[in-house]
Amino acid sequence: MKKYLLFDLDGTLTDPKIGITTCVQYALHSFGIEEPDLDKLEPFIGPPLRDSFMEFYGFTAEQAEEAVAKYRERFQDTGLFENEVYDGIPEMLKTLQSKGYFLAVASSKPQVYVERILEHFDLKKYFSVVVGSELDGRRETKDQVVQETLRQLFGENPVDPAQVYMIGDRKFDVEGARALGVESVGVTYGYGSKEELKEAKADYIVQSVEELEKFLLRGSEELLNGNPDNKKKNPMYQRIWTMVYSFLMFILVRNAVQYALLALLYQLAQSGASGGLVDLLILRDETGAYNGYSGDVSSIISALGFIGGAIAVWSTAKMLIDKNKEDMHLSHLKKEGKSKYVLLTVATIGAVIGCNLLFELLGVTNKSEAYTEVAAQQYSAHFIVGILVFGFISPIAEELLFRGVIYGYLRRFMDIKLAIALSALIFGVYHMNYVQGVYGFLIGCLMAYAYEYFGEFKMAVFVHVASNVLAYCLSYTAIAVTGFVSWPVCVIFLAVAVVSLGMLHKQKNIF
């Protein structure tokens, strides 16, 4: 959340079309140029008038000065008030001011006009600083206006561009902000198109006053909890029960499907059925008696159980994923660079390999009978079957529950850091053995962090799938008997993970 907000006037706070275009029409008429279509004069809204007369009508500098004088001849008493405030602007400004934001107007329009317009529409009371250009042509460019606005806002304190947004509808607002190291928020409800703002490289783009308000207020208590009345409609115990219910349904349905299939296999064996598919599913001893089932069959049964569990929580998970996607959209209007995805991938690889080597070096994997039993079952299948089941099917199903439902709910009514840690702790406990429990907690934190950082549920799925696939592949290599398993290698991979996460955090602090 940035507390210093600089607003452009025309096309951002007010719609000045009639006043500006009719005054431009008036100025052009004095040069013998008739332009009856006011829509064609919309490009004059935003940039300095002198530049626009020269750019759009080929005026010389002297002619442009004369045209500006004619423009002001009509504007100062008539065109000034041929204007209207966009719906929702006064309410938004009032809310922002009440939340402790420092509001300012930074406009290329002459300051004397800006102040009269704000006073006329009773908006000036919301702004601690109002800066415009001077009638004599001084401070006309947007970067000069932004610079003076920052100087007045921060006073004797050092200017901190990282705490400022410049909000406007044209590329000039974006370019002026960038010149001063300030992030920009482009609004498409004004007179600059989305394409213009994208080409100017606006950091964020919103499409309505309502979306602008939500973006600026994101993270506040009202938005975190949705409608303030939601606490009454959805009390805490209901949210907790929904998470517990989803967790229980996932476990119960998963286990029920697996036990039902195992019972079916046992019945087939006891019935004496043989041949074809039956012989592929059931193992028999030398006497032909039932002797269990293969690792592949065990893995396939596990997969079907996970699919059943996923179906059980699907509707709740989809609802929360969609809801959180809508909320997160306001924090991720700025597209993440490719380098951040690379850093996440590197962090995942470093964390997975580093943690596996650490557990191997500490000898904990051989001390847990529960883990040994789970590992033996998972790795008894053929490589392709194991990768498909435990590298893709089970992590996708688990993500629907743990990041889709559990984290999806937790992030909506508690601090993000606590939500990440608590959802990861539940994920760790779910594994029912301390080796996978500790590992699950660490990787669970990374999954939730990736979800929150990129605002996409698929990033949590990516980390989970990548972690499982990589860990599964490691188990099929001979690295345990090579020099690869060593403290220096372990430390290097863990350091890579920590450094990569540190670089991600430095570029964007989601907390």
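At what angle do the axes of helix 19 (residues 434–454) and helix 21 (residues 487–507) cross, and within what distance do they come? The two axes come within 12 Å and cross at roughly 30°. Axes here are lines fitted to C-alpha atoms, for helices over the stretch in contact, and angles run from 0 to 180 degrees between N-to-C directions. Helices (H or I, at least four residues) and strands (E, at least two) are DSSP runs, numbered from the N terminus.

The model is predicted, so local features need pLDDT of at least 70 and side-chain atom pairs count only at pLDDT 80 or more, while totals for chains, interfaces and linings use all residues. Residues are numbered from 1 along each chain as its sequence is written, and side-chain values use heavy atoms, with hydrogens and water left out.

Two packed helices are described by the angle between their axes and the distance between the axes. Helix 19 and helix 21 are therefore roughly parallel to each other; angles under 35 degrees count as roughly parallel, over 145 as roughly antiparallel, 65 to 115 as roughly perpendicular and the rest as oblique. The crossing of helix 19 past helix 21 is left-handed, meaning that the near helix is turned anticlockwise from the far one by less than a right angle. On the helix 19 side the contact (heavy atoms within 4.5 Å) is made by Leu446, Tyr449 and Tyr453, and on the helix 21 side by Leu501, Leu504, His505 and Gln507.

The strands come next. Strand 1 (residues 4–7) and strand 6 (residues 164–168) run parallel and are joined by four bridges; two strands pair if DSSP finds at least two bridges between them. In this pairing Tyr4 stands opposite Val164.

Tyr165 stands opposite Glu183, and Met166 has Ser184 as its bridge partner. Between these strands the chain passes through helix 7 (residues 171–179), and this β-α-β crossover is right-handed: with the strands pointing away from the viewer, the path from the first strand over the helix to the second runs clockwise. Strand 7 is covered on both faces, with Glu183, Val185 and Val187 buried on one side and Ser184 and Gly186 on the other.

Three bridges join strand 7 to strand 8 (residues 204–206), and these two strands run parallel. Here Val185 stands opposite Tyr204.

Strand 4 (residues 102–110) runs parallel to strand 5, with four bridges between them, and Ala104 stands opposite Val129. Strand 5 (residues 129–133) is mostly covered, five of its five residues being buried.

Val130 lies in strand 5 and counts as buried because its relative accessibility is 9%. Apart from neighbours within four places in sequence, Val130 is in contact with Val105, Gln111, Val114, Glu115 and Leu118. Val105 is 25 residues from Val130 in sequence, yet their C-alpha atoms are 4.8 Å apart.

Notes: Buried < 20%, exposed > 50% of the residue type's maximum accessible area, 1.4 Å probe, protein only.
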